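Work through the exercises below with the structure open. Each task is followed by a solution in steps.

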Amino acid sequence: MKPVKTRVILIAVFIFISFFSIIPSIYPNTPGWWKAVIGNAEMHLGLDLQGGVYLVEKVEVDKAVKEKLYKDYSDIKSFIKTKNIGKGKDLTFKDEYIALSGNLLKNKPAVSSLKNYLKNHHISLQLSGDIINFKPSALALYKKEAVGGAVEVMRNRIDQFGLVAPKIARQGKDLIVVEMPGVKNVKQAIKLIGKTARLTFKLVDDKHNLMDALNGKVPKGDEILYHITYNKYTHKTAKRPYLIQKAVLMDGAAISSANVQMNRYNQPVVGVSLNSAGAKQFGNITTKYTGERLAIILDNNVISAPVIEEPILGGNASISGRFTMAQANNLAIALRSGALPAPVKIIQNNTVGPTLGADSIHDGILAAIVGTILVIGFMIFYYKLSGLIADFALIENVLFLMAALSLFGATLTLPGIAGIILTIGMSVDSNVLIFERIREELREGKPVVIAVENGYNKAFFTILDSHVTALITAAVLFYFGSGPVKGFAVTLSLGIMINLFTSLVGTKVIFDMISNKKELNKLSI
Amino acid sequence: MEFIKNTHYNFIAKRKYSFVLSSILVIFGIIEIITMIAGTAKIGIDFTGGLSMELAFKHKISISSVRKILIPAGFKDVKLVKIKGKNDIIIQTKAAAKDLNAYTAEIKQVIKKSFEKNPPKVVSSEMIGPSVGKKLSRDAVIAIIISIIAIILYITWRFEFRFGLAAAIGLAHDVLALLGVIFIFQKEITLLVITAVLTVAGYSLTDKVVVFDRIRENLKTETEKSKHIDLKGLVNISINEVLTRTVVTSLTVILVVLSLFFLGGIVLHGFAFTLLFGVLIGTYSSIFIASPIMVILNEKHYK
């Protein structure tokens with residue numbers, strides 16, 4: 001007699017736990033307490049199965065660096081002007097550095113006071129030779145923070161969609177991977193999360209002639225920006241130019257909240273509340289420039305350019321720009337979540353429609369069922385009753401694998417389904433090895449009980465070694481794979497580990513139970 | 001039921017034939033790699049960068065009618081595929097120098113305008129920048145090299161170095177021969193195909209470990225059968241002993257891969273194709289390549 005009780009109980013418990021944990025993943029109306037017991041763990045469908053978007057965005061940190069340097073350049077220029085140690089033309093902005101003129105460099109006291117100024121006000125800059133540039137350490141930190149900041153801002157925006165299991169992660173030096181399974185309006189979502197949403201307030205230059213500027217004579221310190229309108233009846237876009245002073249009076253960092261409101265003409269506008277510093281700053285600007293036009297600019301597009309009729313001191317303002325409701329909503333979200341620290345560019349965009357996803361699930365499940373039936377049938381045909389025992393292990397395998405995927409909250413992708421199907425085919429391998437051993441032993445004339453025992457013992461190390469080697473490649477695949485390939489590697493590795501258990505414990509116990517019941521003289525194998 | 005009973009095939013003696021066959025496949029595999037590096041091989045857009053878009057038209061559609069629209073509009077370098085049994089067309093193009101976002105939008109615009117009576121819906125679209133593909137190819141190469149090294153180490157630890165080396169040569173053979181088959185059938189190398197190649201690498205190793213394990217066992221047990229024969233004979237006996245297992249396991253795996261190939265849908269087609277040939281090659285090489293090489297390595301070692 002071989003003690004089988006513990007093993008039978010163990011397997012029974014595993015089977016029960018498996019059923020218990022799989023049900024919430026396949027039956028959406030599972031009661032809440034049930035889901036709570038398993039820690040709300042659930043299998044998710046990857047975006048290739050339920051539709052959605054996979055994006056890789058490159059954060060253009062160099063652009064942000066250039067912009068920051070330009071801001072510092074303006075500061076330094078006004079410093080040397082006010083201190084009277086040089087003129088505006090002594091400094092030249094060269095994208096990656098600021099060049100100093102020979103005249104300024106000759107002036108020793110001016111250089112030392114410039115050095116002092118940098119030390120106190122622009123700690124990330126350094127004067128090296130005849131240029132001012134970023135300290136390498138400060139530059140690296142700034143770039144890192146820009147990408148990290150972009151991830152945070154994007155996460156805030158994605159949260160607004162209320163998706164199940166969206167993913168956003170940094171990859172490499174300057175890439176951000178965004179996965180949004182099940183997102184409805186793909187186009188709008190991509191647009192919204194990638195919007196730089198840099199809000200700036202600048203003055204409209206009404207002293208110079210706009211026509212001259214459009215003909216190429218842009219006054220120094222000015223730029224031409226456009227207000228773009230879309231006519232929904234004629235489907236045409238119109239561009240209206242503005243001559244804008246480059247100097248930024250205020251930016252979106254001063255905004256504490258933003259939401260959609262209706263103005264008195266029942267048109268949607270975006271109401272903005274400013275923080276206390278911002279309110280004060282805005283008060284000063286509107287006092288100083290009363291009567292002039294203040295351009296509200298989002299990502300280099302002029303949204304509106306109203307005349308400042310009176311100083312605004314309360315810290316509340318509204319932005320109107322003939323928005324549709326959706327546009328106003330997106331703008332409010334973008335302003336609330338803050339601006340991206342640097343512009344982003346999409347370098348990979350995989351969009352899967354929900355119909356393709358449904359087709360893939362259908363095809364995958366069909367292939368899995370047909371594959372399983374073929375293997376089960378073959379095993380019974382070839383190994384008779386013993387084949388049936390191997391089939392039991394196979395079904396146990398699939399069950400445990402699904403349970404493990406549910407409990408880990410894994411994301412099921414199409415390659416993941418392929419991994420499950422492959423596991424079905426490979427899972428009988430261990431039993432084939434064992435059965436062939438048992439047949440060998442029987443051929444040598446050994447009694448059934450001994451033959452079974454020897455078969456399992458002799459096959460043990462073969463099974464162990466072959467599983468470990470397969471696991472090594474699956475692990476490497478997981479480590480280097482991306483997206484859907486990772487899902488495949490996960491199911492494959494879990495399948496290999498579970499298979500080790502079911503083939504060595506799960507089938508052996510059945511043989512032992514049978515041999516305990518009656519004296520076996522013949523084995524159906 | 002038994003297919004194969006008590007066989008005594010002399011597999012090692014057939015090595016001349018198998019080495020010739022394998023050399024041919026491996027040469028094709030090397031050609032595939034060279035063409036991959038040169039950029040003339042069929043490589044999917046996940047590696048080259050580019051865009052792929054599946055459009056579902058409302059009514060019947062032919063490839064030529066879509067091509068007629070796209071070529072005059074300036075989209076000359078596009079590949080069109082029609083999905084059987086559906087009104088779906090896949091439009092693919094390799095990395096264009098210009099902005100891919102704009103390029104995708106332009107194609108959509110042109111088609112929407114020209115097929116107003118048969119409006120298409122975008123079922124899926126994929127746009128990949130060239131830099132993404134470069135990282136991917138590098139990762140795939142690193143993955144293959146690391147797994148080969150890890151496997152040699154593990155097998156050397158569990159068995160002996162000559163087994164590890166023979167398994168690694170067998171593995172390299174399988175990967176190259178599989179690429180050779182891909183070259184012969186002119187299949188496209190995609191991310192999923194590379195995944196399948198790595199899976200095959202895992203499968204083929206499992207297979208070699210089983211054969212080697214039996215050789216090791218027969219080397220250890222100085223029974224009557226191993227006393228009077230040389231290594232060649234011993235390896236032959238071992239292969240014959242595990243032959244049934246080899247055939248049966250390959251068969252069950254091939255059964256599921258076939259159902260994946262015929263029923264798994266268009267996305268998994270190349271994946272299943274690669275797996276199918278990979279399993280065949282992996283099984284073949286355990287018997288006809290890795291084992292004879294083990295014998296050869298051994299002769300060199302002890303003579």
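This is a predicted model: local features need pLDDT of at least 70, side-chain atom pairs count only at pLDDT 80 or more; totals for chains, interfaces and linings use all residues.

**Exercise 1.** Determine how α12(A) and α10(B) are oriented relative to each other, and state the handedness of their crossing.

*Solution.* Angles over 145 degrees count as roughly antiparallel, so α12(A) is roughly antiparallel to α10(B). The crossing of the two helices, α12(A) and α10(B), is right-handed.

**Exercise 2.** List the residues through which α12(A) and α10(B) touch, and sort them by class.

*Solution.* From α12(A), the contributors are Asp363(A), Leu366(A), Ala367(A), Val370(A), Gly371(A), Leu374(A), Val375(A), Phe378(A) and Tyr382(A). From α10(B), they are Val248(B), Leu251(B), Thr252(B), Leu255(B), Val256(B), Ser259(B), Leu260(B) and Leu263(B). Sorting this contact of α12(A) with α10(B) gives 13 nonpolar, 3 polar and 1 charged.

**Exercise 3.** Describe the pairing of β18 of chain A with β4(B).

**Exercise 4.** Which elements of chain B each supply at least two residues of its side that touches chain A?

*Solution.* The contact as a whole takes 52 residues from chain A and 52 residues from chain B. On chain B, the elements are β4 (120-128), α5 (130-158), α7 (191-220) and α10 (243-263). The most comes from α10(B), with 13 residues. By class, this side of chain B has 30 nonpolar, 16 polar and 6 charged residues.

Methods
Residues are numbered from 1 along each chain as its sequence is written. Chains are lettered from A and ligands numbered from 1 in the order in which they are written. Two residues are in contact if their C-beta atoms, placed from the backbone, lie within 7 Å. Helices (H or I, at least four residues) and strands (E, at least two) are DSSP runs, numbered from the N terminus. Ala, Val, Leu, Ile, Met, Phe, Trp, Tyr, Cys and Pro count as nonpolar, Asp, Glu, Lys and Arg as charged, and the others, Gly among them, as polar. Two strands pair if DSSP finds at least two bridges between them. Axes are lines fitted to C-alpha atoms, for helices over the stretch in contact, and angles run from 0 to 180 degrees between N-to-C directions. Angles under 35 degrees count as roughly parallel, over 145 as roughly antiparallel, 65 to 115 as roughly perpendicular and the rest as oblique. A crossing is left-handed if the near helix is turned anticlockwise from the far one by less than a right angle, and right-handed if clockwise.
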